[in-house]
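I would ask you to keep the sequence and the model in view while I speak.

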Amino acid sequence: MAADGARLFGPLCPDYPNLEAVNRADATCTAVAAASVVAKVERDRRVEAILAPLEAGLGQPIQGGGYVNRGTEAFLRAYVERF
């Protein structure tokens with residue numbers, strides 16, 4: 001069984017001998033790639049649920065999806081100014 005991220009999952013390997021912690025495992029393991037897609041969709045759904053009420057309070061759409069980028073930075077600045 002593979003997991004994406006040697007640094008994150010590596011410490012679990014001694015307790016789980018069948019676990020292989022590999023950087024970029026999603027590029028070589030179909031199960032890890034599928035899990036990555038499912039996790040991203042779920043994360044996006046949860047971020048949307050958090051941001052939707054905030055958009056109304058700020059009076060503008062929030063862009064950036066919570067990732068480190070200009071859209072998220074703009075949202076954080078507008079949020080701090082407003083609240």
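A disulfide is taken here as a pair of cysteine sulfur atoms within 2.5 Å. By that criterion the structure holds zero disulfides. The sulfur of Cys-29 has its closest cysteine sulfur in Cys-13, 14 Å away, which is too far for a bond. Cys-13 counts as partly exposed because its relative accessibility is 22%. Cys-29 is likewise at 22% relative accessibility and so counts as partly exposed.

A word on the basis of these values. This is a predicted model, in which local features need pLDDT of at least 70 and side-chain atom pairs count only at pLDDT 80 or more, while totals for chains, interfaces and linings use all residues. Residues are numbered from 1 along each chain as its sequence is written, and side-chain values use heavy atoms, with hydrogens and water left out.

I turn now to helix packing. Two packed helices are described by the angle between their axes and the distance between the axes. Helices are DSSP runs of H or I with at least four residues, strands are runs of E with at least two, and both are numbered from the N terminus. Axes are lines fitted to C-alpha atoms, for helices over the stretch in contact, and angles run from 0 to 180 degrees between N-to-C directions.

At what angle do H2 and H3 pack? Helix H2, residues 30-58, and helix H3, residues 70-82, pack at about 60°, and their axes are 11 Å apart. H2 is therefore oblique to H3. In this scheme, angles under 35 degrees are roughly parallel, over 145 roughly antiparallel, 65 to 115 roughly perpendicular, and the rest oblique.

Which residues make the contact? H2 contributes Leu-51, Leu-54, Gly-57 and Leu-58, and H3 contributes Phe-75, Ala-78, Tyr-79 and Arg-82. Contact means heavy atoms within 4.5 Å. By class, the H2 contact with H3 has six nonpolar, one polar and one charged residues. Here Ala, Val, Leu, Ile, Met, Phe, Trp, Tyr, Cys and Pro count as nonpolar, Asp, Glu, Lys and Arg as charged, and the others, Gly among them, as polar.

Within H3 we also find Thr-72. Is Thr-72 buried or exposed? Thr-72 counts as buried, because its relative accessibility is 12%. Leaving aside residues up to four places away in sequence, Thr-72 touches Gln-63, Gly-64, Gly-65, Gly-66 and Tyr-67. Val-68, by location, belongs to the loop between H2 and H3. With a relative accessible area of 89%, Val-68 is exposed.

Ala-6 is found in helix H1, residues 6-9, and is partly exposed at 33% relative accessibility. Not counting residues up to four places away in sequence, Ala-6 touches Pro-11, Ala-21, Val-22 and Asn-23. Ala-6 and Ala-78 are 72 residues apart in sequence, and their C-alpha atoms are 36 Å apart in space.

Arg-24 sits in the loop between strand S2, residues 20-22, and H2. Although Arg-24 is not a glycine, its phi is positive, at about 60°. Arg-24 is exposed, with a relative accessible area of 67%.

Conventions:
Buried means under 20% relative accessible area, exposed over 50%, partly exposed in between (1.4 Å probe, protein chains only).
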